[in-house]
Amino acid sequence: MQMIRDNNWVLSAGTFLPVLGVLILLATPKANEAAVKMVALLTSIATVVVGAFTLYGFDFDKAGSMQFVAETSWIPVIKSTYFIGVDGISLPLYLLSMVVTLLVVIYSLDHIPSPGNPKAFFVLMLILQTGMAGTFIAQDLILFFVFFELVLLPMYFMIGVWGGEQRQYASLKFFLYTMFGSALMLVAFLAMFFKTGAESFAIPYLVENGAGIAKNVQVWIFAGMFVGFAVKVPMFPFHTWLPDAHTQAPTQGSVILAAILLKLGTYGFVRIAIPMLPDAAMEWAPWIGGLAVVGIIYGALGCLAQTDMKRLIAFSSVAHMGFVMLGISTLTSFGVNAAVFGMVAHGLITGMLFFVAGSVKERYHTLEINKLGGMLTQMPRLGWILGLCSMASLGLPGLAGFWGEFPAILSAYNPADGLNVTVYRTYMVIAALGTVLAAAYLLWLYQRTAFGTPKGHDHHDLHDVNTYEWVAWLPLLVAIVVFGIAPNLLFSVIDPAVQGALRAFGG
Amino acid sequence: MSAVSETLSPLSGGWFLDNAWLAPVIPTVGFFLIIMFGKKLPKKGSEIGVISLVGSLVLASGASWQWIHRVNSASEEQFVTPVVRTWTWWQAGGAEFTIGQHIDGLTVVVLFVVAFISTLVQIYSLEYLRGDRRYTHFFAALTLFSAGMLAMVVAEDMILFLLGWEIMGLCSFMLIGHWWEDGANSRAALKAFFTVRTGDVGLLVGIAILFFAANEWTTTNLGLSGFSIRGVSAWALSGNPNSTVILFAAVALFVACIGKSGQFPLHTWLPDAMAGPTPVSSLLHSSTMVVAGVFLVARLYPVFFTGLDILGPSSNVIMVIAAITIVIAAALAFVQTDIKRVLAYSTVSQLGYMMLGLGSGAWLPAVFHIFTHAFFKACLFLCAGSISHSASHHSFDMKKDMGGLRKHMPVTFASWIVSTLALCGVFPFSGFFSKDEIIDNVGGNGYAFFMIVGLFGAFLTAAYMTRATYLTFFGSPRGAAAGEHDEHDAHGTHDAHGTHDAHGTHDKNDVHPHEDHAHAGPHESGLLITVPIAILAVLAIGSGLFNATPFGESWEYLKKWAEPRAAVVGEDHAGGPGESLIFAMPSEEEGHSTSPCGTETPETGVCYAPALNHAEFKWSKALLSLAIVFAGIAMSWLLSAALYGKRDPRLVGLTQRNRFARAGYRLLANKYYLDDLYEQGVVSNVAGPISRAAYWFNQNVLDGILHGVVSAARWIAFVVYRDIDQRIVDGTVNASADITKSAGATVQPIQSGRVGLYGALFFATAAVAALVFVILNT
Amino acid sequence: MLTSQFLLLGAILFCIGVYGVVARKNAVLVLMSIELILNSVNINLLTFALRNGSPDGHTFALYIIAVAAAEVGVGLAMVLLIYRNRRSIGLDELSEMRG
């Protein structure tokens, strides 16, 4: 694979700028909240500026090759190097993590969840940002693992300290579940290292040499990675941490969790598991596809049983990530393209839905669907935004969600050579039925919360979307519409990289 | 150079044809402008809506005009190439998604109808919704709705088609639920969207099947993707497709049409959709939304033709469904008291005719019926709106609040009568030409049973429309039409919003400037309402002349302009892009396979449309059908007059209807036996039980199944969530945590904090280890 | 050479040390017992060094003496601090860190 090494400081700068911000924050007195917020804001703006420079410097004609590559020795004893770079798959997710962090910071300027302490809150958020961005650019398994794990801790504290009533339970569940997955994943990484001759942890090297491993060994290594990534995605039946974590997390935590963290798992499949172990991927793909469609239907049924708005949105993530995994499981570049698009779209849409849920909670002090109603009369703008996001989430053409969902369904008609066509066509029909259920639960939610007359409360203090919210939300809303109308903006970047990642499957 | 191409003459084009894709773009832009700036404008954004649709109408008219020129410039048997322009939308994983326009006869017909009726409906809404609290949003949604339909009509490929299709679904949700403060309305909106969406599964699956089945063939032979409508059409007629695959594709697509076009058994959303404002009903039921399903069949006709073996010896699924729909919906119309619901069931029934035509190979008559039906049905709905607006105090209940309105509303009355006659199929109104052509051709293609169903449907249509007409315009005024106003009386119809609560958000709400007029009794509506109605009424008379088969072949304009010719297109086709390939058509025997394009097909070339028969017009057949229609009208008129006009008091309490009897009817006691005959002999036995059974089936069985499925799904969801998710899956996780915890608790006492104990344990362990070591080394 | 006697001496010292560590409650006495254990080890090391004629044992012994000195220094400092804070150096009272 061709490596482009121009401007190789850019990625490191973008990834570690938040750490610099953390250092400055630590030196800022806790009492001076304005200064704390300013530092956090400026840091995330600076990060996005570096991100914009990355976008500007990215050679879109060579989206399939690694760019901004930097490589220096790191832990020579175990032959791990500091090796980073982005290609067309990483770039959208890398930038998404930066932008979402900035928006969350902007939102937090006005919405520090109880029990306060913005300094600690922003410190955690910036560390989180480093972890997320680092995961998407790491080209070395150990480096990937470090970043992957770095994400856990701030999120654990974010849920555990600023969360809802059952925050302790939820945060612990989240932490243990993911740690369990990571442990198996690490074992798989080590096995990968030793089975390829203990030469290097570099991902490109392992992709080239992984195919040489005996098939039965590959299957076991893949199993380890599968558990690690599937917990993060989360796939049925490893998903039960998600509704709890989402429900209990503060709004900001939910947004980041939905928008970025879930993508670490799917990204792992696309970047690591499938290219490195093609034979095992062929073995596993029907099972992954099966779990994916079970997740689609199951998540939707879960949504229908919910009485809590935030929990409903959380369950819908299970269903949507099912579509992403279905696309991946086809092992065709068409399906994986759809999956990567789906990741970005889901990040934008579900992140936005959680923002709305947070603002609803702040205003009504409840998320019980039965107690909500008539949002459109009281807060028309918030109501319309919820409507737009619901429509995007149920896959309405012309909005971003559609381009993740529809091609994923389409791709299941024709999986990669060697996979059982009948099985996948069955998956396709089931997934298509899932879109009906998606329409059902989202519209049902919308009908009961936004339509009708307001219920019983005395809400004189209700204010519609305020400035901070507008600033934080508009970019997401615009992106949902823009990517819906012009999906090629994203597909043209993703496609070459996906073709490269799937070379082992003959295109 | 094949022999075919020598006779070809160059086709004319034109700016409008090349830029017809702007037709959906203009209203889309209009939608965004209304959303962003609508509230600040003097007319609250409605002017943008009207202007953008006028723009589309101009484009559509120009395109129609130039298309006619294009057809005229072609030689007799030449395939008139559609005007196609494509742009790459996006590409990924080897599949290219294009976006573009495909303008041919069918497109032009529907494009014109949609733009025309949308414009009139918008003008009508200016007055009808004046003062509504969501006036701006209404126009935004209405504009986007038209844009969705226009996009679907001009679509070159299935992706854009799907886009338009779904946007319509969304807008129908917004428009039907326009007065969403009332739970019933938002439920109706939900029901409409959800039912249609259920059908959409078929569309998704159908598109997927077609794409992967056809893509290789189309790319190799035509350089088109498997999403392209042209490509798929040619593929379907090439003799290449596997018959099972294309059967599945056609059935899947037809499922989508069943949902969208309200065919049996998914028609239940349509009457509920009357919850929306009347202009919405009018647009939804005449030229957009419900026509989309019919349009899909007409557009991808080759796929259905091959897949379902249309013109084959046995009947196919389209015809069967259509026939059931025609009869069931017409029967339902008899028991309605809500005027809009009568029209809704009538629409369902008429859509059944279109489908019947398409299913039995009568493509052109079906498209012609789309064309004529759009005008008279839009007119009927707008008349109903006009009545409720100015005469019946916002009620749609024919029995409670109407009657005798012909004197007060001359324009509305005249238009209604004209459109009703058109709908019934009376010569020389437009419906006669289109409906008779369908029935003729169904018979002509050898489906005698379905022809009889069609004639029976015509009888029912005539009868229920006569009943509705009588109730509305004849007899004595009742309720609101008589000037009564009971502010607290719920009118009992679905969408009349009879309770005038403080929200002021219901149909033509309290802040309406015409409220005081309503108190002054029934009167004619204003010009903004009557002019669109009158225009449509004129077209309800005249539009039939576009393909007036009884007057001879020279009158068959639509056949010439709209019907794609089944000619073989070869190499170097003059005019039009994308037509320059030679390829061998797969043949069964040495270049003489019988193909849908004609009896014998040359070895090279492709055709885009199947060859269809046209039944010869005979006055004898037409007179038979006219006789049936007149019989329906006469019978219904007599019975209606007897039942509704001359009611006997002794029947009060015997039937549900007699509750509405008024004291004035007592004078008509001598007509008792006629009433008795009607009630006992005809209505009770035929219209009553049968249509009530159909309605019961509709409300209880079909809706019951829907509700049952939903409740079952919710029950399953609940059980799965509670027992499997929370107990088993989650329980496993919790159990592993508990095990770890209890293990910790067991070892906990050792951690006493006493250094001495630690030391003892340490040395004891060391001693044991030393012992083990010694043993192992000896 | 009196190898066995030296080893016996080392063992006895070790046992006394272990007894002191386990049984005494006074922190200073425990520290002294640890010194005894360390020195018993030294004796062992020197014995074997002399017997095998290798300098390794001597080196180790010296190393242990150095470490022991440091350990005593730190240990005493901690005991002093504990005494200052609690007015007692009874080890049984220092059980706050139990799990």
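Biologist: At what angle do helix α10 and helix α13 of chain A pack, and how is that angle classed?
Modeller: This is a predicted model, in which local features need pLDDT of at least 70 and side-chain atom pairs count only at pLDDT 80 or more, while totals for chains, interfaces and linings use all residues. Residues are numbered from 1 along each chain as its sequence is written, and chains are lettered from A and ligands numbered from 1 in the order in which they are written. Helices (DSSP runs of H or I, at least four residues) and strands (runs of E, at least two) are numbered from the N terminus, and axes are lines fitted to C-alpha atoms, for helices over the stretch in contact, with angles from 0 to 180 degrees between N-to-C directions. Helix α10(A) (residues 241–248) and helix α13(A) (residues 309–329) have axes 9 Å apart and an angle of about 140°; angles under 35 degrees count as roughly parallel, over 145 as roughly antiparallel, 65 to 115 as roughly perpendicular and the rest as oblique, so the pair is oblique.

Biologist: Which residues of α10(A) meet α13(A)?
Modeller: Two residues are in contact if their C-beta atoms, placed from the backbone, lie within 7 Å. On the α13(A) side the contact has A:K310, A:R311, A:A314, A:F315, A:S317 and A:V318. From α10(A) come A:L242, A:P243, A:H246 and A:T247.

Biologist: How are α2(A) and α3(A) oriented to each other?
Modeller: Helix α2(A) (residues 33–57) and helix α3(A) (residues 90–110) have axes that come within 9 Å and cross at roughly 155°. The two helices are therefore roughly antiparallel.

Biologist: How many nonpolar residues does the contact of α2(A) with α3(A) have?
Modeller: Among the residues that make the contact are A:L41, A:V48 and A:L55 of α2(A) and A:L95, A:L102 and A:L109 of α3(A). Ala, Val, Leu, Ile, Met, Phe, Trp, Tyr, Cys and Pro count as nonpolar, Asp, Glu, Lys and Arg as charged, and the others, Gly among them, as polar. The contact has 1 charged, 4 polar and 11 nonpolar residues.

Biologist: Which element gives the most to the side of chain A that touches chain B?
Modeller: In all, 40 residues of chain A are in contact with 41 residues of chain B. The elements of chain A that give two or more residues are α12, α14, α17, α18 and α20. With 10 residues, the one that gives the most is α18(A).

Biologist: What is the make-up of that side of chain A by class?
Modeller: The charged class has 1 residue and the polar class 12. The nonpolar residues number 27.

Biologist: Is helix α18 of chain B largely enclosed or largely open?
Modeller: A residue is buried if 20 or more other C-beta atoms, placed from the backbone, lie within 10 Å of its own, exposed if 12 or fewer, and partly exposed in between. The buried residues of α18(B) include B:F413, B:W416 and B:L423. Because 11 of its 15 residues are buried, α18(B) is largely enclosed by the rest of the structure.

Biologist: What follows α18(B)?
Modeller: The helix covers residues 410–424 of chain B. The residue after it has a positive phi, near 90°, and is B:G425.

Biologist: Which residues does A:K455 touch, leaving out those up to four places away in sequence?
Modeller: A:K455 lies in the loop between α18 and α19 of chain A. A:K371 is 84 residues away from A:K455 in sequence, yet their C-alpha atoms are 6.4 Å apart. The residues touched are A:K371, A:G373 and A:G374.

How values were computed:
Expected span 1.5 Å × (residues − 1).
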